[in-house]
Amino acid sequence: MTHFVDDDIDQIEKLGEVELLLKGNPFQCSCKTIQFLKWLGKSERVRDILDVTCVTDTASRTFISEVISNLKTFEISCKTKFWMPFAVSITSIIILAMILTVVFFQYKYAIEYFLLRFKMKMKNYNELQQEYTYDAFISYSHTDSVWVKQFHDKVNSMGFELCLDAKDFIGGKSIAENVTNTIDSSRKVIFIITDDFLKSTWGSNEMEMTRVHAFQKGREDIVIIVVKDKIKVSDMPEILKSIWFKIICIQWPNDDNLPYNTDEHFYEKLKISLQQNEKSAGNVVI
C-alpha cells in the first residue's frame, strides 16, 4: 500500500480498539498523500510508526515519523508547489496582456485599417483601379476649416479636383470607411500641418491609415505635406517623422525674410507636386 484513502481511514476508525503494523509497505510521502500523513500524526493505532518508511517526491527514502514531525513545513511546501505555477501563469498572462495592449496602441490605426479593409472585402467592396476620381484628398484640422476652404477653392481653380470631407464624404458610412475610400480614389493625399492638426487624434489616424495604405499598395509617394504654421521637424508626430524622407513637403509663406516666399510661388510648387506621377517624386522639401 502506498497510502490510505479517506474510505480506508473511516473503515479503520470503525474497527474500534485495534493496533496496526505498517512496516514494510511502500508508502509515499507526497502532496497527494498529505491527508494520510495527517491521520498518521494524530492516530495512536500504529504500533511500529517509528520503523515505517516512505518515499518522497525526490525518490529518497526516509522515516515517516520525520515527515510527520515537520508536517506543517511539508504542507507549506505543497501549497507553494501548487501556487507557484499558478502565480507564474497569471503573471505571464498579465505581462502578455500588457505587451498586446502596448502593441495595439502603438499600431492602433494600422490594425483599424486592416480590419476596415477586411470588413469592406466581406461586403464585396471592389477596389478602385488607377483611374482616380480626385487629384488629392485634403486631411486637416477642422479648426483650420476657413483657411482650408480658401486653399481648396484656389487649387480647384487651377484645374485640380480635390476631395474635402464636408462636400465629398458619403452619408451613412463611417468616417474611417470614407477616408479609406477617398485615399483609394485619390492620386495624392495632402496633409495641412498646423498646431491644431498635431493636437488632433483623428489627424494622426488619417496619417497612419495613409501610411499603411501607401505601404500595402506600393504608393509610397502619394503624400504631400503643407506646413502652414511654423513647426520644427522635431515637433512633428512620430508617424510623420517615419515617412519624412519619402514625402513632398511645402512650406506655407509665413516668413517674409525668406526668398520666393509668396502665395504665387507656394501654389506653383503645389501645382508641380500634384502633377508628378507616383514613383517619380522622391523626397522633396520646398
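User: In this predicted model, which residues does F191 touch, not counting residues up to four places away in sequence?
Analyst: The model is a predicted one, and contact here requires heavy atoms within 4.5 Å. F191 is also among the residues with the most contacts inside the largest nonpolar core. With residues up to four places away in sequence left out, the residues that F191 touches are S139, F197, E206, M207, T210, V223, I224, I225 and V226.

User: Which elements give two or more residues to the largest nonpolar core?
Analyst: The largest nonpolar core has 22 residues, and those with the most contacts inside it are F191, I193, M207, I225, M236, L240 and I247. The elements that contribute two or more residues to this core are β4 (134-139), α8 (175-184), β6 (186-193), α10 (201-217), β7 (223-227) and α11 (238-242).

User: In the open sheet of 3 strands, which are the edge strands?
Analyst: The strands of this open sheet follow the order β1-β2-β3, with mixed pairing. An edge strand pairs on one side only, which is the case for β1 (27-29) and β3 (61-63).

User: Which residue in β2 does Q28 stand opposite?
Analyst: β1 pairs with β2 (residues 53-56) in the parallel sense, over 3 bridges. Within β2, the residue opposite Q28 is V55.

Conventions
Residues numbered from 1 in each chain as written. Predicted model: local features only at pLDDT ≥ 70, side-chain atom pairs only at ≥ 80, totals over all residues. Heavy atoms only, no water. Pairing = 2+ DSSP bridges. Helix = DSSP H or I, 4+ residues; strand = E, 2+ residues; numbered from the N terminus. Core = buried A, V, L, I, M, F, W, Y, C linked by side-chain atoms within 4.5 Å. Buried < 20%, exposed > 50% of the residue type's maximum accessible area, 1.4 Å probe, protein only.
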